[in-house]
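Biologist: I have a model open and would like to learn how to read it. Can we go feature by feature?

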Amino acid sequence: MATAAAIEDQIRTIDPDEERAFMDAIDRWLEREVIPVVQHHDHGDIWPEKLVEQMAEMGLFGATIGQEYGGLGLPATTYAKIVMRISSYWMAITGIFNSHLIMAAAVERFGTPEQKMRWLPKFATGEIRGGLALTEPNAGTDLQAIRTVAKKNADGDYVINGTKTWISNALNGQCFAMLVKTDPDANPRYKGMSLFIADKHDGLTTGKKFDKLGYKAIDSAELIMEDYVVPADQLIGGVEGQGFFQATGGLELGRINVAARGVGLAEGSLRLATEYAQQRETMGKPIAQHQAIQLKLGEMVTKARAARLLTLDASEAYDKGERCDKEAGIAKYYASEAAVENSQEAMRIYGGYSYSKEYDIERYYRDSMLMCIGEGTNEMQRMIIAKQHLKENQI
Ligand SMILES: Cc1cc2nc3c(=O)[nH]c(=O)nc-3n(C[C@H](O)[C@H](O)[C@H](O)COP(=O)(O)OP(=O)(O)OC[C@H]3O[C@@H](n4cnc5c(N)ncnc54)[C@H](O)[C@@H]3O)c2cc1C
């Protein structure tokens, strides 16, 4: 249960003028720098180095990190709006700072004062970037089944052996919040799990890079640990056995973040379909005037709107320091399905041209399915929502 101090830390506000100015800056950046180069980076699966530098200049790598550590300290609501806006043009690029900020949140929420002072200022500027390393070849949903083990050596440091897979920013990042087993025989299993700040040096190498359906330009790859030594002062919080709780403790913000990406994809698909439907003519009139197309647009408008409101509902609860795991789960589930459905409907509205890479809509279609998988699959999401609902409505 969160302490009063932790809840105080979580409560953040922003002046509406300041938020508007920030959103305007994001819009200018999207228009001038991002939109002209999306296809180049997406089609070639090319890391967007220049855009990453610009994101660092705008402070995005410190967006949710506290101002006392050099971050922007934005409330979750403003952060969600930024993610929605960027994702409505190019979702994948948000993964470069999203995964990084989840790593930073683990240090900020659970790290020792020394860990916060040492790592957070460098995370905030983007001098050190990274992500979250939980998944293994045999364990995604069932995180307690991971096999990566950290053993203490004679110097009191930890020697880590194992393989992580599907890790966002694995190639281009320098540091990861890495979940391991410090006691593989613990029962229950979660009591033997610990989270480390794992920076790249001897013993930690990158393996296979995935050739993905979508979510291009951001790298997803394996991390391989072979007698990789991590100093004891990089065990987050300094106490073994807290890792499972620390890794899953950021799930509310993580789900709001994936929901916001889903909103962006749903709204972007709607924007493209709306433009196209008014330009393309059949039977002597724009297809937007055919009832069959209007039915699709009506559904899409409703889904995009509902997804946005659910996501803002969850982020507002988060900013007030309220428990919002159910709200964040509902937003993540609904917005990710809305992204998939709106991108599919937009594909149908584009007809044959949807299948050409000259148009952007095929990217929304390829990118959207990931939203149903990340931060807890939508199968798990519905089970979590139902369990919470049943707990609140026991007879
Ligand atoms: C592009 C991409 C980027 C990623 N980035 C990261 C990252 O940065 N860091 C990281 O750690 N991981 C990352 N992942 C991994 C991601 O978190 C996992 O893929 C996800 O958690 C699902 O795990 P899995 O793939 O092992 O599926 P599994 O756990 O094997 O699940 C397979 C299916 O079974 C269902 N299922 C599983 N258990 C149950 C159950 N108890 N009841 C009902 N249904 C169940 C699931 O819902 C799913 O439909 C990424 C994945 C992708 C594709």
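Biologist: Start with a helix pair. Is the crossing in which H2 passes H4 left-handed or right-handed?

Modeller: Keep in mind that this is a predicted model. H2 passes H4 in a right-handed crossing.

Biologist: How do I describe such a pair in numbers?

Modeller: Two packed helices are described by the angle between their axes and by the distance between those axes. Here, helix H2 (residues 16-34) packs on helix H4 (residues 49-58) at an angle of about 165°. Their axes are 12 Å apart. That angle makes H2 roughly antiparallel to H4, because angles over 145 degrees count as such.

Biologist: Which residues of H2 and H4 meet?

Modeller: From H2, Ala25, Trp29, Glu33 and Val34. From H4, Leu51, Gln54 and Met58. By class, this contact has 5 nonpolar residues, 1 polar and 1 charged.

Biologist: On to H5. At what angle do H5 and H10 pack?

Modeller: About 150°, with the axes of H5 and helix H10 (residues 291-319) 8 Å apart. H5 and H10 are therefore roughly antiparallel to each other. H5 brings Ala76, Thr77, Ala80 and Met84 to the contact. H10 brings Arg308, Thr311, Leu312, Ser315, Glu316, Tyr318 and Asp319. The contact of H5 with H10 counts 5 nonpolar, 3 polar and 3 charged residues.

Biologist: And how far apart are the axes of H5 and H9?

Modeller: The axes of helix H5 (residues 76-90) and helix H9 (residues 251-279) are 7 Å apart, and the packing angle is about 40°. The crossing of H5 and H9 is right-handed. On the H5 side, the contact includes Ala76, Ala80, Val83, Met84 and Ile86. On the H9 side, Leu253, Ile256, Ala260, Val263 and Leu265 are among the residues in contact. The classes in the contact of H5 with H9 are 11 nonpolar, 5 polar and 4 charged.

Biologist: Let's zoom out. Which domains does the chain have?

Modeller: The domain assignment gives domain 1 (4-129), domain 2 (131-247) and domain 3 (250-392). The C-alpha centres of domain 2 and domain 3 lie 31 Å apart. Across that pair, 4 residues of domain 2 are in contact with 6 residues of domain 3. The side of domain 2 that touches domain 3 has 2 nonpolar residues, 2 polar and no charged.

Biologist: Where does the ligand lie relative to domain 2 and domain 3, and why?

Modeller: Read it from the shell. Domain 2 and domain 3 both give residues to the shell around the ligand, so the ligand lies between them. The ligand is surrounded by 21 residues, and the closest are Leu134, Gly140, Thr141, Ser168 and Thr377. Strand E1 (130-133), strand E3 (158-168) and helix H13 (378-392) are the elements that give two or more residues to this shell. Its classes are 9 nonpolar, 9 polar and 3 charged.

Biologist: Which residue has a positive phi although it is not a glycine?

Modeller: Trp166, with a phi of about 65°. Trp166 is found in strand E3. E3 also gives two or more residues to the shell around the ligand.

Biologist: Which residues does a cis peptide bond join?

Modeller: Asn187 and Pro188, with omega about 0°. Pro188 is in the loop between strand E4 (175-181) and strand E5 (193-199).

Terms used: Residues are numbered from 1 along each chain as its sequence is written. This is a predicted model: local features need pLDDT of at least 70, side-chain atom pairs count only at pLDDT 80 or more; totals for chains, interfaces and linings use all residues. A residue is near a molecule or strand if its C-beta atom, placed from the backbone, lies within 6 Å of it. Helices (H or I, at least four residues) and strands (E, at least two) are DSSP runs, numbered from the N terminus. Ala, Val, Leu, Ile, Met, Phe, Trp, Tyr, Cys and Pro count as nonpolar, Asp, Glu, Lys and Arg as charged, and the others, Gly among them, as polar. Domain bounds come from an automatic or database domain assignment. Axes are lines fitted to C-alpha atoms, for helices over the stretch in contact, and angles run from 0 to 180 degrees between N-to-C directions. A crossing is left-handed if the near helix is turned anticlockwise from the far one by less than a right angle, and right-handed if clockwise. Two residues are in contact if their C-beta atoms, placed from the backbone, lie within 7 Å. Angles under 35 degrees count as roughly parallel, over 145 as roughly antiparallel, 65 to 115 as roughly perpendicular and the rest as oblique.
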